[in-house]
Amino acid sequence: MYWITAILLFANLAPLSSHPAAAAAGGGGGGSRSILRAVGAGGPAADYAVELNATSFDAALGGTPATYAVVEFFAHWCPACRNYKPQYERVARLFNGPDAVHPGVVLMTRVDCALKINNKLCDKFSVSHYPMLFWGPPSKFVAASWEPKQEKSELRLIDDGRTAERLLNWINKQIGSSYGLDDEKFENEHLSSNISDPEQIARAVYDVEEATSTAFDIILEHKIKSETRASLIQFLQLLVAHHPSRRCRQGSAEVLVNFDEFYPLDMLTLDRQEVSSGDDKTAFHNFQICGKEVPRGYWMFCRGSKNDTRGFSCGLWVLLHSLSVSIEDGESQFAFRAICDFIHNFFICEECRQHFYATCSSVSTPFKTTHDFALWLWSTHNKVNERLMKEEASLGTADPKFPKIIWPPRQLCASCHRSDSRRNGDSSKIDWDQDEVFKFLKQYYGKTLVSLYQKKEIIQNAGTNGALEDSAASTNAIVVPIGAALAIAVASCAFGALACYWRSRQKNRKPRRSWN
């Protein structure tokens, strides 16, 4: 069964193109998430509004984490449209891009009807003048149309948005907000607490993608060494099998299949500046492990109330917990070693790295079950929080909205707590029901974490009988020559067989007596 799954996974991969850890110790295209990468890539200032076309329209609007969307239909030759663009951009600045003031609320997009590729799309929405703005839930734009006298449509024509002020006022009225054009990041925030609603973890899947991509970028930038090659392979194997996002699983698999191209041993011995000058050997530096659509700095569940809190560290913790509850019993020791080695070799915060590695080194008995490994990681996380609680209290660096806590609190899992006689945040004083804790971890970081992706796939695949995978939104189809497709299929089968062999070895191998 495993090799069949592997073949299906790799069959979706395209040929390689040119185009976590931080928290573990404490601390163009048509994709649905390229919409959030459009800003901050360096060079000339990019537009905040995301320009879509007929190819990218459904994927972008169907996969965005935003609750609402605005679509502006315009023509690049239209003087009124050119004059309106700065007004539209002032509003888009608030919602789009890595420095969005209010991320995840409204996706601001544009479609150029003067381009031939968009003719049918603009006709579907009965575009009669420029600019013409529509409002609605993003998923309602997917495979949709609009008529002027259409009844019971969730898509609405924005009839009062000719200036930035009027457009933002119109949006505020729709969603009951009080956003202002002068809002700055982390001002006027009304972030909800994560500790009372277990369903909020579903929003963290986007953060896990962001954290995975960021961790991979850190590896490329700082830690490519021949002696760390093996640990990177092991961690990638873990991601291929168990990452909660399909995009990240596919990207990890692509790196693994092409590993010798990505990380040839002779390249790892070259001077860094010499390597950066070679186009062929540095093509992998532009590779994005979770797809081109993954945003930068766009935190949903993991967003802190201060600019320098949560974010990357929160996203990496969610990833590690998700991996810990997704593995099978026979993979628990392998997962433990892969995570510990990955952090030890690739995490660039020295103090955090040493703390976590010391915790790993203290484990003398190999893990034999998912239950034991997941609870070890949970306990380790709480110990980290205990240490940071004291440090942040003395330094005044805690996030006032999201202070470190012993986790899970009673609000999230009352059955996990038998009694609580702790003082000063000491988790050792809590009488935990560890079986209940494990059940909570499995549900929270398993089914609940990927539930938002499941709902989005139901929307995107409405009317089809295709099986629903347990995670991310579907990727765009890629057309390749028949010969190339055959080569990919053959390689996929070969790698699927290898994956099956590897997993069977992991399950049947005799456990070592010590982690070292």
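## An aromatic cluster to start with

Phe57, Phe73, Phe125, Phe134, Phe141 and Trp146 come together as one aromatic cluster. Here, rings of Phe, Tyr and Trp (its six-membered ring) pair if their centres lie within 6.5 Å. By this rule the chain holds 27 aromatic pairs.

This is a predicted model, in which local features need pLDDT of at least 70 and side-chain atom pairs count only at pLDDT 80 or more, while totals for chains, interfaces and linings use all residues. Residues are numbered from 1 along each chain as its sequence is written, and side-chain values use heavy atoms, with hydrogens and water left out.

## The chain as a whole

The chain has 18 helices and seven strands, taken from DSSP runs (H or I of at least four residues for helices, E of at least two for strands) and numbered from the N terminus. Of its 516 residues, 51% count as buried, that is, under 20% relative accessible area with a 1.4 Å probe, protein chains only. The accessible surface of the chain is about 24400 Å², and 52% of this surface belongs to carbon and sulfur atoms; the areas come from the Shrake-Rupley method.

## Two aromatic pairs

A pair of aromatic rings is described by the distance of the centres and the angle of the planes. Planes under 30 degrees apart count as stacked, over 60 as edge-to-face and the rest as tilted. The ring centres of Tyr84 and Tyr88 are 6.0 Å apart and their planes stand at 45 degrees, so this pair is tilted. Both residues belong to helix α3 (residues 79–95), four residues apart, about one turn of the helix. Tyr84 is buried at 4% relative accessible area, and Tyr88 is buried at 0%.

Phe356 and Trp376 make an edge-to-face pair, 6.1 Å centre to centre with 70 degrees between the planes. Phe356 is in helix α14 (residues 350–361) and Trp376 in helix α15 (residues 370–395), so the pair ties together parts 20 residues apart in sequence. Phe356 and Trp376 are both buried.

## An arginine over two rings

Which rings does the charged end of Arg310 sit over? One is the ring of Phe301, with its centre 5.8 Å away, and another is the ring of Phe402, at 4.2 Å from its centre. The rule asks for CZ of Arg, or NZ of Lys, within 6 Å of the ring centre and within 35 degrees of the ring normal.

## Two packed helices

Helix α7 (residues 229–242) packs with helix α12 (residues 312–326) at about 70 degrees, their axes 10 Å apart. The axes are lines fitted to C-alpha atoms over the stretch in contact, and angles run from 0 to 180 degrees between N-to-C directions. Helices α7 and α12 are therefore roughly perpendicular, a term for angles of 65 to 115 degrees. Phe235, Leu238, Leu239 and His242 in α7 meet Leu319, Leu323 and Ser326 in α12, where contact means heavy atoms within 4.5 Å.

Technical notes:
Buried means under 20% relative accessible area, exposed over 50%, partly exposed in between (1.4 Å probe, protein chains only). Accessible areas come from the Shrake-Rupley method with a 1.4 Å probe; for residues, only the protein chains shown count as cover. Angles under 35 degrees count as roughly parallel, over 145 as roughly antiparallel, 65 to 115 as roughly perpendicular and the rest as oblique.
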